Amino acid sequence: MTIIVTGGAGFIGSNFIFHMLNKYPDYRIICLDCLTYAGNLSTLEPVMDNPNFRFVKESITDRDAVYKLFEEEHPDMVVNFAAESHVDRSIENPEVFLDTNIKGTAVLMDACRKYGIKRYHQVSTDEVYGDLPLDRPDLFFTEETPIHTSSPYSSSKAGADLLVLAYHRTYGLPVTISRCSNNYGPYHFPEKLIPLMIANALNDKPLPVYGKGENVRDWLYVEDHCRAIDLIIHNGRVGEVYNVGGHNEMKNIDIVKIICKELGKPESLITYVADRKGHDMRYAIDPTKIHNELGWLPETKFADGIKKTIQWYLDNKEWWETIISGEYQDYYEKMYKNR
Ligand code: NAD
Ligand code: DAU
């Protein structure tokens with residue numbers, strides 16, 4: 001089995017590559033990643049010498065490069081993680097989100113049509129469903145919830161999802177889609193809530209909470225997401241969407257307080273800053289379908305997962321300190337100075 005994993009130098013893609021090489025020693029895994037600011041080759045260091053692994057530095061938007069890779073590798077599957085993934089950046093500059101997330105998806109699927117494929121899997125997000133109100137805890141996103149997006153990021157992901165389903169209906173491409181809630185764990189890029197708060201707290205810097213910190217996210221340990229995708233690509237039904245989430249809703253402010261407590265830092269570091277434009281209030285996934293059809297359940301409880309994650313950031317300071325000392329400084333200054 002040969003699988004092209006796009007975006008494998010990023011957070012979830014790298015965790016997925018480790019999971020797959022570990023679980024399936026006879027699979028060949030090709031990582032296709034153009035190494036944007038969010039891609040980090042050092043993350044893949046542990047598998048670079050694995051004879052079943054190959055890294056290819058190209059963009060999923062580059063049709064010639066993608067077709068050449070298909071001609072060389074004859075993949076059985078493509079799992080598409082490659083994306084611009086940060087909502088705040090999409091609010092500042094939507095264009096690259098449309099290029100990578102929509103056009104890149106189309107190029108990959110065109111290659112699948114041209115050369116043939118057993119499965120094209122699109123890694124999507126619960127953000128395509130928009131948000132839920134705080135005062136309706138009985139409501140959850142199911143696979144039937146209408147697409148209703150808020151940010152340029154989620155709109156680009158929704159556009160890609162619609163294209164994936166259209167390629168299935170129009171061309172019969174064997175696709176699946178997973179829509180997952182917020183992940184956390186090792187190799188999470190420091191611009192995102194949990195690693196940003198860990199890094200700032202360790203440096204005794206202010207912890208910038210948007211608005212009142214009451215927005216709710218449904219947090220899932222990254223390894224649980226990787227297991228879900230593994231199940232879907234092997235046993236999921238073609239043409240289907242699967243929601244993935246941990247029934248683990250938490251307010252942002254509570255997460256930040258937990259991080260302060262675990263690190264022994266004062267809550268006085270918490271600074272309330274201007275809210276994100278169009279900020280989604282609550283995400284909450286109903287994972288009944290993937291549980292009933294594929295037997296998936298999250299295995300890592302948040303109380304354990306957050307401890308493991310904080311320990312990983314303590315043990316791997318070089319990884320994130322290198323990132324935040326580079327161009328990230330300019331990003332942080334621009335994004336947070338007027339909040
Ligand atoms: P990330 O930003 O950490 O990594 C993205 C990776 O994609 C990087 O390695 C980057 O270099 C690569 N990439 C970007 N543009 C590319 C291009 N044009 N060609 C090739 N590679 C390119 O992202 P992540 O958090 O790991 O998210 C991975 C996927 O999962 C995304 O599709 C995202 O929408 C989805 N998702 C993320 C979460 C989450 O909580 N992080 C939850 C649900 C779904
Ligand atoms: O739900 C899945 C999505 O989760 C993925 O599709 C996205 O790729 C991923 O980035 C994530 O999106 P969010 O916008 O939910 O994640 P983020 O870590 O950016 O923010 C989480 C919450 O924390 C959100 O309500 C905004 C808030 N926040 C974030 C940052 C970076 C703050 O209060 N302060 C911050 O500095």
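At what angle do the axes of helix H2 and helix H4 cross? The axes of helix H2 (residues 63–73) and helix H4 (residues 95–115) come within 10 Å and cross at roughly 40°, where axes are lines fitted to C-alpha atoms, for helices over the stretch in contact, and angles run from 0 to 180 degrees between N-to-C directions. Helices (H or I, at least four residues) and strands (E, at least two) are DSSP runs, numbered from the N terminus.

This is a predicted model, in which local features need pLDDT of at least 70 and side-chain atom pairs count only at pLDDT 80 or more, while totals for chains, interfaces and linings use all residues. Residues are numbered from 1 along each chain as its sequence is written, chains are lettered from A and ligands numbered from 1 in the order in which they are written, and side-chain values use heavy atoms, with hydrogens and water left out.

Let us stay with the helices for a moment. Two packed helices are described by the angle between their axes and the distance between the axes. H2 and H4 are therefore oblique to each other, given that angles under 35 degrees count as roughly parallel, over 145 as roughly antiparallel, 65 to 115 as roughly perpendicular and the rest as oblique. H2 passes H4 in a right-handed crossing; a crossing is left-handed if the near helix is turned anticlockwise from the far one by less than a right angle, and right-handed if clockwise. For H4 and H5, the axes come within 8 Å and cross at roughly 20°, and these two helices are therefore roughly parallel to each other. The crossing of H4 and H5 is right-handed.

We can now turn to the strands. Strands of a sheet pair through backbone hydrogen bonds, either parallel or antiparallel. In this model, an open sheet of seven strands has the order E3-E2-E1-E4-E5-E6-E11, with parallel pairing, and two strands are said to pair if DSSP finds at least two bridges between them. Strand E3 (53–56) and E11 stand at the edges, each with a single partner strand, so one side of each is left without a neighbour in the sheet. On average, neighbouring strands of this sheet are turned by 20° against each other, direction ignored.

Strand E5 (residues 119–125) pairs with E6 in the parallel sense over six bridges, and the bridge partner of Thr125 in E6 is Cys180. Between these two strands the chain passes through helix H5 (residues 152–171), and this β-α-β crossover from E5 to E6 is right-handed, a term used if, with the strands pointing away from the viewer, the path from the first strand over the helix to the second runs clockwise. E6 also pairs in the parallel sense with strand E11 (residues 241–244), over four bridges. Here the bridge partner of Cys180 is Val244 in E11, and Ile177 stands opposite Val241 in E11.

Is strand E6 buried or exposed? Six of the six residues of E6 (residues 175–180) are buried, so this strand is largely enclosed by the rest of the structure; buried means under 20% relative accessible area, exposed over 50%, and partly exposed in between (1.4 Å probe, protein chains only). Both faces of E6 are covered, with Val175, Ile177 and Arg179 buried on one side and Thr176, Ser178 and Cys180 buried on the other. Ile177 itself has a relative accessible area of 0%, and its C-alpha atom is separated by 22 Å from that of Leu21, 156 residues apart along the chain.

Lys301, in the loop between helix H9 (288–294) and helix H10 (302–315), is exposed, with a relative accessible area of 59%. Although Lys301 and Gly246 are 55 residues apart along the chain, their C-alpha atoms are separated by 8.7 Å. Tyr187, in the loop between strand E7 (183–184) and helix H6 (193–202), has a positive phi of about 70° although it is not a glycine, and Tyr187 counts as buried at 16% relative accessibility. His247, in the loop between E11 and strand E12 (249–251), likewise has a positive phi, near 50°, in a residue other than glycine.

Finally, there are the cysteines. The structure holds zero disulfides, a disulfide being a pair of cysteine sulfur atoms within 2.5 Å. For Cys31, the nearest cysteine sulfur, that of Cys34, is 10 Å away. Cys31 is buried, with a relative accessible area of 0%, and Cys260 counts as buried at 1%.
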